[in-house]
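Subject: Handover of a structure

Dear colleague,

Please find below the structure that I am handing over to you. A summary of the findings follows it.

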Amino acid sequence: MKLITKIIGICSLMVLVSSVAVSAVIWGMIRQSRLDEAYVQAQQDTLLVLSKLERGISREIYSSADSIYLEYVLKQENDPFNICYWEIRQGEITEIYNRTVLTRELLDNLEYTTLDNLGGLCLAELRWEGRHYLVFAVVLSQRAEYYRLADITYVEEQMARMAVFLLLLTGAVLLCTMVFLYLVLKRVLRPLKDLNESARQIAEGQYDQRIAVNGRDEIGQLSENFNKMAGAVEYRTHCLEESEYRKTLFMGNLTHELKTPMTAISGYAQTLLHVKVSEEERLEALQYIYQECGRLERLSRKMMRLLELDQETELPLQELPVREIFDRAATSCRELLKKKELTLICQEQGERFWMDPDLMTDAVINLIDNGAKASEAGRQIILRAGADYIEVEDFGKGIPKEEQDKILEPFYMVDKSRSRKYGGAGLGLSLTALIARIHHCRVEIESEEGKGTVIRLHFV
């Protein structure tokens, strides 16, 4: 069942119950008021006739004139609801006036209630042939019995018509309420309908769906939060897709990188096993196998490091002097720089940064190694620290503008022949980028072909 149907049903039920209850109370109050009016009117009419009857009675016990007078007055009134009986002698009753089919026994057996301060006037109710009567009774001059009937059926007929009117009115109010609620709720719940549609589209993979936020009520806040959630889902999905793409690319590049040395190792091994070679050729083959095994070992270590760092884990950092990192990096790169006849110049003024010493040392070593591969013998590499950055500058071949956005990707190499010549696999700068991210650093690259490159870790 739809939400709008539930709300309309509940509200309509409440309106119906309230309307019926109010209508019942109003109907009961009006009914009682009409009955009271009918009772008062009937009593007044009865007292008026009774006063005329009593005016001419002589009060003598066996005066026949009283009987004649009573009959005369009742005929003058010409009211079919007046009934009078006269006692001729003791125990013998005669009917003076009665135009109804009601007998004295029936009237006498009714349950009467004596009305206060009305000279012995009594009241009873009678239902006869589907009609409702008030019966007033009194004894006149100790010998005459006077009854007067008042038909109050019209009150019940009026109340029946009023009940039908109230029911129709309740139905009309209920119908108007349902139409009004439908129109209002359709407008009010439209954002929820849009929200449901957007959720369905997102579930189908359309993560760019958003909802227009109208107002600052609960539905508006829900729409705003949903948009934030959809944005987070879209961003997370994009990140996962990008990560999946990078992993696929990573594995493809890794397979390619492993294939080359493994093929060479296999070829040289088969040559040594099946072909007679000179001692010099044998040593050359073994040397190549040793070098390629070392390259595979370095590649595996860097791969493991990449996998460890790509977990978005928060590492505890400590405030360290940059000089300590520079010394450790210079010591690690001493043989490499000596082999290539390069000079490392460290420039710092006592700067301190929040760092992990091992990771930051690795990052600096990777930058120095990258600079060394791009530099010719006799050149300098400058390791420099500033107020909020660490940078490595070389004066080598430089990086083409269109390549600068790609060099941080795993296995990407600007000059693949040169990188493989020095045992590279294109993972050093990828490691540096991950280390920079862990340290909340921004990697900035400034390079010009033929003049050199500056790679900066900017602390933010």
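In which helix is valine 17 found? Valine 17 is found in helix α1.

This is a predicted model, in which local features need pLDDT of at least 70, side-chain atom pairs count only at pLDDT 80 or more, and totals for chains, interfaces and linings use all residues. Residues are numbered from 1 along each chain as its sequence is written, and side-chain values use heavy atoms, with hydrogens and water left out. Helices (H or I, at least four residues) and strands (E, at least two) are DSSP runs, numbered from the N terminus.

Surface patches

Valine 17 is exposed, with a relative accessible area of 51%; exposed means over 50%, buried under 20%, and partly exposed in between (1.4 Å probe, protein chains only). Together with Leu13, Leu16 and Val20, Val17 makes a nonpolar surface patch of about 330 Å². Patches are made of residues with over 30% relative accessible area and no salt bridge, with nonpolar side chains (Val, Leu, Ile, Met, Phe, Trp, Tyr) joined within 5 Å and like charges within 9 Å. A salt bridge is a side-chain nitrogen of Lys or Arg within 4 Å of a carboxyl oxygen of Asp or Glu.

A patch of positive charge on the surface gathers Lys2, Lys186, Arg187, Arg190 and Lys193. Helices α4 (153-188) and α5 (190-203) each supply at least two residues of this patch. Lysine 2 is found in the segment before α1 (3-55), and lysine 2 is exposed, at a relative accessible area of 64%.

Aromatic pairs

The structure holds 4 aromatic pairs. Rings of Phe, Tyr and Trp (its six-membered ring) pair if their centres lie within 6.5 Å; planes under 30 degrees apart count as stacked, over 60 as edge-to-face and the rest as tilted. The pair of phenylalanine 81 and tyrosine 133 is tilted, because the ring centres are 6.0 Å apart and the planes stand at 50°. This pair links distant parts of the chain, 52 residues apart: phenylalanine 81 is in the loop between α2 (64-77) and β1 (82-89), and tyrosine 133 is in strand β5 (residues 131-140). Phenylalanine 81 is partly exposed, at 26%, whereas tyrosine 133 is buried, at 10%.

A contact in space

Alanine 363 lies in helix α10 (residues 357-374) and counts as buried, at 0% relative accessibility. Alanine 363 and isoleucine 435 are 72 residues apart in sequence, and their C-alpha atoms are 6.6 Å apart in space.

Yours sincerely,
A colleague

Technical notes. Areas by Shrake-Rupley, 256 points an atom, 1.4 Å probe, with all protein chains shown as cover. Lys, Arg positive; Asp, Glu negative; His and termini not counted. Charge placed at Lys NZ, Arg CZ, Asp CG, Glu CD.
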